[in-house]
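The sequence and structure follow.

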2 protein chains.
Amino acid sequence: MKKLSSVSLKNIKIEDSFWNRYTHLVPDVIIPYQWNILNDNMKDIETSHCISNFKIAAGYEKGEFQGAVFQDSDLAKWLEAVAYSLATHPDKGLEDMADGAIELIGKAQQPDGYLNTYFTIKEPGKRFSNLRDGHELYVAGHMMEAAVAYYQATGKDKFLQIMCRFADLICEHFSVRNDSVGYPGHQEIEIGLYKLYQVTGKKAYLRQAKSFLDRRGKKPNYFLEEEKKPGFQGLFPEFENYDPKYSQSHQPVREQTKAEGHAVRAVYMYSAMADIAAEYDDEELMDACRRLWNSITKKRMYITGSIGSSGILERFTTDYDLPNNCNYSETCATIGLALFSRRMAQITRDASYIDIVEKSLYNSVISGVAMNGKSFFYVNPLEVWPDNCIDRTSKEHVKPVRQKWYGCACCPPNIARTLASLGEYIYFADEQSVWINLFISSQAKVMIEDQEFKISMESNYPNDGKIQLYVSTAQKKKAKLAIRIPGYVKEWKISIDGAHIENPVVENGYCILEQEFESNEVNVEFAIAPRIVWANPLVKEDVGKAAVMKGPLVYCLEETDNGSNLPALYLDTEKGLEEYFDPDLLGGTTVIKATGKRVVTRDWNQDELYAEHKPVYKDVDLTFVPYPYWGNRDTGEMLVWVKE
Amino acid sequence: MKKLSSVSLKNIKIEDSFWNRYTHLVPDVIIPYQWNILNDNMKDIETSHCISNFKIAAGYEKGEFQGAVFQDSDLAKWLEAVAYSLATHPDKGLEDMADGAIELIGKAQQPDGYLNTYFTIKEPGKRFSNLRDGHELYVAGHMMEAAVAYYQATGKDKFLQIMCRFADLICEHFSVRNDSVGYPGHQEIEIGLYKLYQVTGKKAYLRQAKSFLDRRGKKPNYFLEEEKKPGFQGLFPEFENYDPKYSQSHQPVREQTKAEGHAVRAVYMYSAMADIAAEYDDEELMDACRRLWNSITKKRMYITGSIGSSGILERFTTDYDLPNNCNYSETCATIGLALFSRRMAQITRDASYIDIVEKSLYNSVISGVAMNGKSFFYVNPLEVWPDNCIDRTSKEHVKPVRQKWYGCACCPPNIARTLASLGEYIYFADEQSVWINLFISSQAKVMIEDQEFKISMESNYPNDGKIQLYVSTAQKKKAKLAIRIPGYVKEWKISIDGAHIENPVVENGYCILEQEFESNEVNVEFAIAPRIVWANPLVKEDVGKAAVMKGPLVYCLEETDNGSNLPALYLDTEKGLEEYFDPDLLGGTTVIKATGKRVVTRDWNQDELYAEHKPVYKDVDLTFVPYPYWGNRDTGEMLVWVKE
């Protein structure tokens, strides 16, 4: 299966009214902010210890390892974000800073290639002996992704060489000829090894990635055997009575039919499965990917593109179980779902996968970061009541306010690398074609055979549905332009050079324009009025409720616009929705107005809990703002699914 | 404050159509069943180790302590249940069995009076050094309650003497002159010491109970100091970063205004506060009791009389936070609320406290036990979907099926002792008066001054609202009969010897008949038709929903009667409710029928999660059964609050 390629970030420039506020944050705020955190230069923030651990491992400093066992991955994801940022926004100072960090990583590497500060400093004799909890391979995977990205952005191969040395050691230790030696407790290295193979061409890395997938879930379960070994000590109390489902090791991956266990582990693994399936033309593995993607997106995913219904263990639960106020819906899991879906689209050329990419990016990825780039949500609920987000209760994981940092700081640098690599989602290409996936204003250069095509996209999406594409190339040349028609769009039209196309060809959700191009203007217009969406009535939590959307954006009610006690509000789904652009609100946004009613407390006194008082209603106007923007004003309640 | 007394269980005989099925279970099933469990004679049930621990502590067997640190309390509560049962149903065999257990307890007692198998076997040097987690005083309290009950039932004082010896040691160690020596991490001994004082007259026990209450919550917090002591080791990982609120030690008890922390700890403490307040005429303490009772019942209690909104740490959260499908609502906490409310009623002579006693007993106490007496709910949710009650998720504590036993088996013997002592709730008395609290068919003998009054109550409550009372006494004598008019009753009438009373005197919710009695028949009739109840709209989880009740009984929908996906059902609150008695259903019960509608899935295929499909409804009939009876037929969904 020939995968479509993403267009190199070096060849894309994004200037988009919706996205600029986030993408500009990466070089301007997030990268320097997170660098300060990794270096423990910030006050009033949980100490990271990340760079400090590397310095100790490198012998520059004395001390104990501190932080989470996977703390090194924060630096990896930061470097990956830096790499993507340098690809699009070269910055000598930042590159020097990154080179310094890479230098440090190199010094922390052990003579035999091993690289992990926790095991180097704290448990030098215990390498690879606690795959269930140790996260060595997980960290290595992130390091590999970062090294590849840095090489691609800068051409410098020092980091790549460091990671190849470690990859060689891993391939030796985890020999593809010996399944019994185990596989990662947290998947990620499979993605990293595959990327390393892509830039180095070393088949050993590819084979190792495939082997990690194929040995996973075989009987007897590796982790259940591992914990019986003498000296084994769990690092996470919550892993007692370990259920292999947690790490998707309950079944061979090819046999898995439902998305189970820890959501981030799951979607990272499925992403790797898609990579390997495409590389090996492995239809069986591809079928498993399709099944698991369907399991998520058709039974176990929030309308915001987030996943993980259980606050405990951040995991999938059962079909249609989608509670709105106690879910985990980790930002990293949404990012993983976007990564998985993007790969599926690259392989299948089916736009329905991009519908999920778009849903994820526009909602639960950017909900994870404050508009000032300095605080983050790990948990992305669809209903929040700040008063009951109390420590040491069932809602303790739900935060009504984004946090500056976190002991387990996986999400913030993951958001940074995702925003910095946004360009990779917009366009795909193969030798004859350009795919337009997302309607993010940008300029891109794509090679069609050996001829460069320049694509310029202009839109105000999703505020409106008008997309202008300018295609230009030095000499007239035949090519295929595939423009995604979003799944939610019911009416649309397309013209080329002013001429309306009567019966456009649509294949797998892409409108196909196959012709000679030289200098052409394509105009697409999607009907993108606000709409009301319902959940399948099997989703118990959402029966009797409706959500408001516009394009890919989910909207929500916030207390600051609608008063407190949002669950007492009803949306009139018979009356229309009105929209207007408010340039002063939340940095400029389309606001949606609706009419409805509110149960009032008129008949009740505060000391009556239950009584025979039939509800009394009053008419109210409802104000909806985009879900990803919630929590950027006053602290208060938030609600996506509104009674109707 | 002179407290009304409960009538001795020896002087009450219950024969009631509603309660018999439960009260008869105690001697017939629960006591022998639990005895087998305590002795590890049951297969397929989590091993108790309880008696085995006593045998080891007594030197009869060799071995290690096993089970929870508070495992001894299971035997204490079992003995308390046995005592109440012997008071009403003398049984030589059972009494011999109990005498044997008491003999064993005596042998396990240490020479200085100390009694606790965990610390005796496992941590002999660590007595009273981990009050936060050790539960020594908690277990002692239950033992004291059992010893008093056994003495009152049988006249035998061996157990009482054992517990007095331990109480003396406790009074010495925890001297009332030295606050810094601490107080229990789990309240209960305050109740036990007070009962011990009541039967022995030893003021030291009373003073010790008061001192435990008064030193609680003083600064610096005892538990936060204790955990700093060298050698301190926590027994519960979830107590890391201990919040004194958990054990109501965040403030002096007299200053507390809101029900906080672990619900069982809270209501046991409030019960003791009421005891002490009455004993010392302590208005300040009584005010705290009133505030805390109001905090629970007017802001933090389920309609079923259960408490503890958070699945994690089984605790109170915030006002009006009453989620229905992930709450804890522990059976023991409801029992504690009934104990607290009963004391408040005894002190204040205010029937509104009995409203809560009745709500608790009729709903969340008996929901805790299966109709066959052999399985138990610890958690009493108001909405259950078996498919998502999955281990290692946010719903892991919610069980769709009652369990045979449990590692932490607090609830089953607590239910047993409550059912066995049901008579204590029905009548109160003082020297001139008899209070009729609950309408449970029974015969009672009460002394009015030195003359015996026989009261015979006959009712089919709550199936109907007719109560017949026969009062007879050897010689005509003036007395006061106070008959509770339940708070939910809107219309009622009363007659004596056939003569309707036009303007009955009602004081604090009791109808007062003050006259000469000799042989009289009092008839009361409450309007008790099924009714629809709403929650205060500040209870976010219940807005847009209604509940069906009849008398004190909350009703619910079960899947077996109404099909699956109960949250898709709507109750038509404009149309009437119909009721009928079904003698074959659930051992005979009033069933309530209503009309409503159901959202159907007609427009949806299983692979659509979100779409622009406006809901489609069909008319349906709804069948409601009493909440306490749920889960006694096929495993399935259950729902109390129904959409309207």
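## Charges over rings

In this predicted model, Arg342(B) lies over the face of Tyr425(B), 4.6 Å from the ring centre. A second case involves both chains: Lys540(B) is placed over the face of Trp385(A), at 4.0 Å from the ring centre.

## Aromatic pairs

A pair of aromatic rings is described by the distance of the centres and the angle of the planes. With centres within 6.5 Å as the cut-off, the count over all chains is 66 aromatic pairs. One of them is formed by Tyr33(B) and Phe376(B), with 6.5 Å from centre to centre and 40 degrees between the planes, a tilted arrangement. This pair links distant parts of the chain, its residues being 343 apart: Tyr33(B) belongs to helix H2 (residues 25–38) of chain B, and Phe376(B) to the loop between helix H15 (351–365) and strand E3 (383–384) of chain B. Tyr33(B) has a relative accessible area of 7% and is therefore buried; Phe376(B), at 0%, is buried as well.

Phe453(B) and Phe517(B) make an edge-to-face pair, because their planes stand at 75 degrees, with the ring centres 6.5 Å apart. Here too distant parts of the chain are linked: Phe453(B) lies in strand E7 (residues 451–459) of chain B and Phe517(B) in strand E12 (residues 510–526) of chain B, 64 residues apart. Phe453(B) is buried, with a relative accessible area of 2%, and Phe517(B) is buried at 1%.

In chain A, ring pairs join several residues into a cluster: Phe18(A), Trp19(A), Tyr22(A), Tyr362(A), Phe439(A), Tyr461(A), Phe526(A) and Tyr629(A).

## Strand E15 of chain A

Strand E15 (residues 553–558) of chain A is largely enclosed by the rest of the structure, because six of its six residues are buried. Leu553(A), Tyr555(A) and Leu557(A) point one way from E15(A), while Val554(A), Cys556(A) and Glu558(A) point the other way; all are buried.

## Partners of E15(A)

Strand E14 (residues 545–550) of chain A runs antiparallel to E15(A) and is joined to it by two bridges. Lys550(A) has Leu553(A) in E15(A) as its bridge partner. The hairpin of E14(A) and E15(A) has two residues between the strands, and Gly551(A) takes a positive phi near 60 degrees there.

Three bridges connect E15(A) with strand E20 (residues 616–626) of chain A in the antiparallel sense, and Cys556(A) is opposite Val625(A) in E20(A). Strand E21 (residues 638–639) of chain A also pairs with E15(A) in the antiparallel sense, over two bridges. Opposite Glu558(A) stands Met638(A) in E21(A).

Note on methods:
Residues numbered from 1 in each chain as written. Chains lettered and ligands numbered in written order. Predicted model: local features only at pLDDT ≥ 70, side-chain atom pairs only at ≥ 80, totals over all residues. Heavy atoms only, no water. Phe/Tyr/Trp six-rings, centres within 6.5 Å; stacked < 30°, edge-to-face > 60°. Helix = DSSP H or I, 4+ residues; strand = E, 2+ residues; numbered from the N terminus. Buried < 20%, exposed > 50% of the residue type's maximum accessible area, 1.4 Å probe, protein only. Lys NZ or Arg CZ within 6 Å of the ring centre and 35° of its normal. Pairing = 2+ DSSP bridges.
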